[in-house]
Amino acid sequence: MKKYLILWFFAVILLPLNAADLPAPAKPVKYVFLFIGDGMSLPQRMLTREYLNRMGKEDLRINRLPVHGITTTHCSNSLITDSAAAGTAIACGTKTNSGVLGLDSAGKHLESVAEVARNEGRRVGIVTSVSIDHATPAAFYAHNPGRGNYYAIGLELIAAKFDFFGGGNFLGPDGKDGSLYELAARAGYKVIRDKAAFEALKPGEAKFTLALTPVTYAIDSGKDQISLAEYTAKAIAMLDNPNGFFLMVEGGRIDWACHANDAATVLQEVITFDQAVEVACNFVQAHPGDALLVVTGDHETGALTLGFAGTGYSSFLERLQYQKVSYEKFGAILQKLRDSGNKSFDNVKPLITGYFGLKFDGAPSDPMLLAPHEQARIKTAFERYMGAPYTAAEPESVLYGIYNPLCVTLTHILANKSGIGWNSFAHTALPVSTTAFGKTAEQFSGMNDNTDIAKRLKPLVARLQQP
Ligand SMILES: [Zn+2]
């Protein structure tokens with residue numbers, strides 16, 4: 001009996017310590033993709049999924065991928081992170097304070113997964129739908145205590161010598177050393193500033209590429225704009241090589257539209273982001289065993305809720321289709337009116353109906369007919385916009401944030417008529433969803449922290465071939 005007890009002891013107590021039970025060191029993966037939907041959590045994904053469903057379309061590709069997990073997003077000094085601290089956590093694997101890029105909360109220099117990949121002989125790409133020096137892309141190449149130090153961040157971009165940068169123009173292109181575009185060209189980057197040159201760019205033509213063009217919201221953009229999917233496809237073509245690559249793609253405008261509480265613009269941004277994910281998915285499918293795709297968000301923005309006090313258990317997301325332009329473009333239309341001295345409310349009513357589907361008169365059964373209290377809210381916001389300059393001071397900041405009072409009132413009313421609501425103009429502490437597909441995807445399931453993403457990706461971008 002005693003003998004069996006001893007055997008049981010060895011079997012139960014000691015076997016788990018056997019080397020065979022320890023996690024094997026992660027093996028490098030040739031192609032590693034990291035997609036970040038800025039401001040994208042489950043509400044943004046589910047809003048878009050249900051809208052597509054109502055329009056008779058297939059769900060987002062992201063939602064159809066096999067592995068899903070939950071990711072916490074707090075930063076060192078706040079439960080609610082900003083994109084700099086969240087980007088640093090995702091890129092480097094260490095928490096830091098809001099506003100800080102690539103440094104920990106004590107100011108210590110951190111190394112991003114993109115820098116590890118470059119140092120291991122891989123090619124590296126950074127793509128975004130906002131300016132290339134914005135917090136999320138910058139977290140992969142910059143080390144600066146202030147996310148707003150755009151010129152210094154641009155100098156770090158040039159010095160990083162990543163192979164492909166694609167996205168929106170520098171926010172602070174000029175400084176003491178001259179134009180960042182000229183400095184990049186002098187440092188060996190092929191600098192591309194328009195779609196024709198972008199389309200003409202061929203693999204092997206340039207070691208380093210900096211392709212920056214004006215980017216607008218998908219709901220407003222024309223064919224002359226380079227889409228996130230086009231940037232992603234070009235990055236893959238330029239980066240592919242025997243040593244593999246690391247490519248980060250950010251859907252940065254999801255966040256901006258959420259800050260403005262503009263649901264119709266948000267869902268078009270999520271769809272555009274998903275089309276870029278689709279390009280990477282197809283590549284991962286074509287390289288089984290050799291590629292990994294991870295899709296995450298850096299935080300939720302806007303406190304978006306799929307439900308509204310005024311619509312109870314019903315939702316009418318299909319009504320978001322009536323909005324034809326973003327809050328930003330409608331704001332520009334209003335500004336023209338204001339600048340022309342045309343301040344009549346009656347003149348703006350047809351524009352509101354045309355661009356948002358909201359009606360001032362019609363059959364009482366028409367769900368898009370504005371109730372008297374809604375018409376009063378719109379008129380108040382219109383008069384506020386046309387009156388003294390709006391400064392976002394209390395108590396109006398709770399109503400309008402930092403936005404055009406009329407635009408935000410219209411997107412709020414359309415959201416409520418669609419059965420959804422917004423409760424903040426800032427980020428929230430809601431965890432995000434992380435999704436993965438391909439080699440070692442399963443390690444991204446379960447409940448994790450945003451720092452775990454970099455911790456898991458860094459061993460995967462290790463050197464494939466000895467130089
Ligand atoms: Zn934001």
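Trainee: Does F208 count as buried or exposed?

Mentor: Check its relative accessible area: buried means under 20%, exposed over 50%, and partly exposed in between, with a 1.4 Å probe and protein chains only. F208 comes out at 14%, so it counts as buried. Keep in mind that this is a predicted model, where local features need pLDDT of at least 70, side-chain atom pairs count only at pLDDT 80 or more, and totals for chains, interfaces and linings use all residues. Residues are numbered from 1 along each chain as its sequence is written, and side-chain values use heavy atoms, with hydrogens and water left out.

Trainee: How many aromatic pairs does the structure hold?

Mentor: Rings of Phe, Tyr and Trp (its six-membered ring) pair if their centres lie within 6.5 Å; planes under 30 degrees apart are stacked, over 60 edge-to-face, and the rest tilted. The structure has 21 such pairs. Take Y189 and F208: their ring centres are 5.4 Å apart and their planes meet at 45°, so this pair is tilted.

Trainee: Which parts of the chain does that pair link?

Mentor: Distant ones: Y189 is in strand β7 (residues 189–192) and F208 in strand β8 (residues 208–213), 19 residues apart. Those labels come from DSSP runs numbered from the N terminus, with helices being H or I of at least four residues and strands E of at least two. Y189 is buried as well, since its relative accessible area is 4%. Both residues also belong to one aromatic cluster, together with Y141, F162 and F165.

Trainee: What kind of aromatic pair do F198 and Y231 form?

Mentor: An edge-to-face one, 5.0 Å from centre to centre with 70° between the planes. F198 is in helix α8 (residues 195–200) and Y231 in helix α9 (residues 228–239), so the pair ties together parts that are 33 residues apart in sequence. Both of these residues are buried.

Trainee: Which charged end sits over the ring of F198?

Mentor: The test is that NZ of Lys or CZ of Arg is within 6 Å of the ring centre and within 35 degrees of the ring normal. Over F198 you'll find K234, with its charged end 5.4 Å from the ring centre. Look at F316 too: the charged end of R319 sits over its ring, 3.9 Å from the centre.

Trainee: Where is L201, and what is it in contact with?

Mentor: L201 is in the loop between α8 and β8. It is buried, because its relative accessible area is 2%. Contact means heavy atoms within 4.5 Å. Leaving aside neighbours within four places in sequence, L201 is in contact with F164, K190, I192, T209, K234 and M238. K57, on the other hand, is 144 residues away along the chain, and its C-alpha atom is 34 Å from that of L201.

Trainee: What are the protein donors of the zinc ion?

Mentor: Donors are N, O and S atoms within 2.8 Å of the metal (3.2 Å for Na, K and Ca); water is not among the atoms, so sites may look incomplete. Here D255 gives two OD atoms, while H259 and H427 each give NE2, and these donors lie 2.1 to 2.4 Å from the zinc ion. Their sequence spacing reads D-x3-H-x167-H.

Trainee: Where do D255 and H259 lie?

Mentor: They are both in helix α10 (residues 253–259), four residues apart, about one turn of the helix. D255 is buried at a relative accessible area of 5%, and H259 is buried at 17%.

Trainee: Which residues are joined by a cis peptide bond?

Mentor: E394 and P395, with omega about -5°. P395 is in the loop between α14 (372–386) and α15 (396–400). A392 lies in the loop between α14 and α15 as well, and its phi is near 60°, a positive value in a residue other than glycine. A392 counts as partly exposed, at 25% relative accessibility.

Trainee: Where is T440 found?

Mentor: In the loop between β13 (432–438) and β14 (446–449). T440 has a positive phi of about 60° although it isn't a glycine. At 22% relative accessibility, T440 counts as partly exposed.

Trainee: How many helices and strands does the chain come to?

Mentor: The count is 17 helices and 14 strands. Of the 467 residues, 54% count as buried. Among contacts between residues at least 6 apart in sequence, 74% join residues at least 24 apart.
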